[in-house]
Amino acid sequence: MDESIKRAKETSRKEFRSEPLEKIIDDLIAKQVASSPSPLMTSPYLEVPDKMVMTYKYSLGGISRFFVDLRDKGVLSGTICTSCGFRFFPPRVSCSECYGDTEWYEVNPDGVVITSSTSWYATSEFFDKVPYAVAYVKPSNADTGMLQRIDLAGRTVVEPGTRVRVVFREKRNGSVSDFWYVIEG
Amino acid sequence: MGRVAVVGTGQTKFEARVPEKTYYELAFDVAKEALNEAGITHRDVDSAVYGIYNDLFERQVMPDTFVHDYLGFYGKSGTRVTTGGATGAYAFRAGYAEVASGLSDTTIVIGVEKAQDVFDWAQYKSTPEVLKSIAYSSDMTWEYPLGVQAASSYALLATAHMRKYGTTEEQAALVSVKNHGNAKNNPYAQSPMDITVEDVMKSRMISYPFKMLDCSLYTEGASAVILMSEKKVREMGISDPVWVAGIGSSNDRSFPGFRSVNDFLGNYGDIADLRGHYEAARIAYRAAGIQNPLKELDLAEIHDAFSFTEIQGYEAMGLAHPGKGGKFIEDGIPQIHGDLPVSPSGGLIGAGHAVGATGVMQIVEITKQLTGEAGKRQVEIRNGKGLAHSIGGPGSSYCTVTILEA
């Protein structure tokens, strides 16, 4: 494995999940700035450590049902337009094709990889996951594909056309990372 | 609509980091240069359009207002455009609309971006925070939590192209070799390099099928152009300016997983094909009266954020048949001395990708080429027409194609 990936994995921000984000960033910056010589003294221009942090309590609005079904029942929900029949996955409460209304339906657990890429470099949030594959997967009873992670299971590449089946995390919090796909057969 | 001319250009060198300038100082430098070249002052400008992609890069929400103030444009109209990698091109489009509509006689379009002021204090380098600032442009509910980022967003489309048409990593590597090589003749370029296909193939994997040398880098810099109405051009006595012959824009579905449906853009193909880009090219060619782009254009700047993307761009711009983009570069057609030089500036891979400035930089390059001022990278001008192709947004959804003529 590439040396920089190894180093990145060791220093990835796992602590994000256990400590308040603001404190971690403050501590990190304070430690680096206090080191000798201070990194801020090496530039002829004044360089200032900073951060922009926002906190949220956001609403998933009309698509809430997808995430509630996912969390509570471990099923995937799509929507189908009552006027033109377009099947949306990810779901939409209004049809982008004909502006009709949609109703919910249960999406099949099996599907096909439309296309895929395996990432070997990432932001701090995903460093400890590399290599990981993202793919557009089209379920067998949907018109569209949704981005999802594929369990590489020792592979480095997932070919388009590969058949996959959904797997749900045991403890789910109602987010897209509550499920992923495994390669069939 | 009235005719619109490009009468002045300015650009900074594209560099990884420019700690000696803030974003508004970079903007000032290119504005001054472009105004000088046009023979006017900032008092003569009716309106300004700013292409600035990312508030997180600038550490400022509404950065355009502070550029407007620094440049002394108080009292005039100012608008900011942000459309991802296509920001500069869409800013140019908005500037063109200002003048073509008659709202303004003289408009300045300025693209500017910082990139590496963001900094990951844990890794002690900027790259992971740069990636994060960009990744926040992916859908925050459906896609960001899965770890998608700029490289994999483009790579997903490239993998589909490989699968559908048999495009190879070696063909893409030829684009990287060409554009790094072209950059050697561009004094404003960030990444001039003498490399081989083998170097590209051996560089480390970033997001399959992209290796390090298939990727453009993060860049800081600025570019500007002055646009003027035909009436004003005549008044000023400017002879033989470069004219905007046509602009076409089309944004495909932002979720590429929806692009395999046989919909309004289905005639152009599926997730393997830059469907909206075909549509943007069709609109631009119709406006410019171009029937056979390969014969009628003298050069093109194609948005090579990644090497494979340029191959997809050859096809969408109608320079190669669908699926034949790989052969197009193998045959040498887009080389600097080929039948249709593509990205003589070095493109994004060679010259750099200072996001908001990139699309404006392409216009500056084509203007300089069409007026014979491109120095060592000058291509042969026969018909006096050049094309700029710009991409932005998740899944390369945004596209603007601009055609200039001398």
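The model is predicted, so local features need pLDDT of at least 70 and side-chain atom pairs count only at pLDDT 80 or more, while totals for chains, interfaces and linings use all residues. Residues are numbered from 1 along each chain as its sequence is written, chains are lettered from A and ligands numbered from 1 in the order in which they are written, and side-chain values use heavy atoms, with hydrogens and water left out.

I start with chain B as a whole. Chain B has 15 helices and eleven strands; these are DSSP runs, H or I of at least four residues for helices and E of at least two for strands, numbered from the N terminus. Its radius of gyration is 20 Å, close to the 22 Å from the globule rule for 406 residues, so chain B is as compact as a globular protein of that length. That radius is taken over C-alpha atoms, and the rule is 2.2 Å times the number of residues to the power 0.38. Along the principal axes, the C-alpha atoms of chain B fill a box of roughly 55 × 50 × 45 Å. Of the 406 residues in chain B, 65% are buried, where buried means under 20% relative accessible area, exposed over 50% and partly exposed in between, with a 1.4 Å probe and protein chains only. For contacts in chain B with a separation of 6 or more, 76% join residues 24 or more positions apart; contact means heavy atoms within 4.5 Å.

Next, the cores. A nonpolar core here is a set of buried Ala, Val, Leu, Ile, Met, Phe, Trp, Tyr and Cys residues joined through side-chain atoms within 4.5 Å. The largest one has 94 residues, and those with the most contacts inside it include A:Phe66, A:Ile150 and B:Tyr285. Helix H6 of chain B, residues 150-165, supplies the largest share of this core, eight residues. Apart from it lies another core, of 28 residues, with B:Val18 and B:Ile40 among them.

What does A:Ile150 touch beyond four places in sequence? Its partners include A:Val113, A:Ala135, A:Val158 and A:Tyr181. A:Ala135 is in strand E5 of chain A, residues 132-139, and is buried at 0% relative accessibility. Beyond four places in sequence, the contacts of A:Ala135 include A:Met146, A:Ile150 and, from the other chain, B:Leu156.

In chain B, B:His303 sits in the loop between strand E9 (299-301) and helix H12 (307-316). Is B:His303 buried or exposed? It is buried, with a relative accessible area of 0%. Among its contacts outside four places in sequence are B:Tyr154, B:His353 and B:His389.

Last, backbone geometry. The peptide bond from A:Phe89 to A:Pro90 is cis, with omega near 5°, and A:Pro90 is in the loop between strands E2 (87-88) and E3 (102-107) of chain A. The bond from A:Val130 to A:Pro131 is also cis, with omega near -10°; A:Pro131 lies in the loop between strand E4 (110-119) and E5 of chain A. In chain B, B:Met62 has a positive phi near 55° without being glycine, and is partly exposed at 48%. B:Asp240 has a positive phi of about 50° and counts as exposed at 71% relative accessibility.
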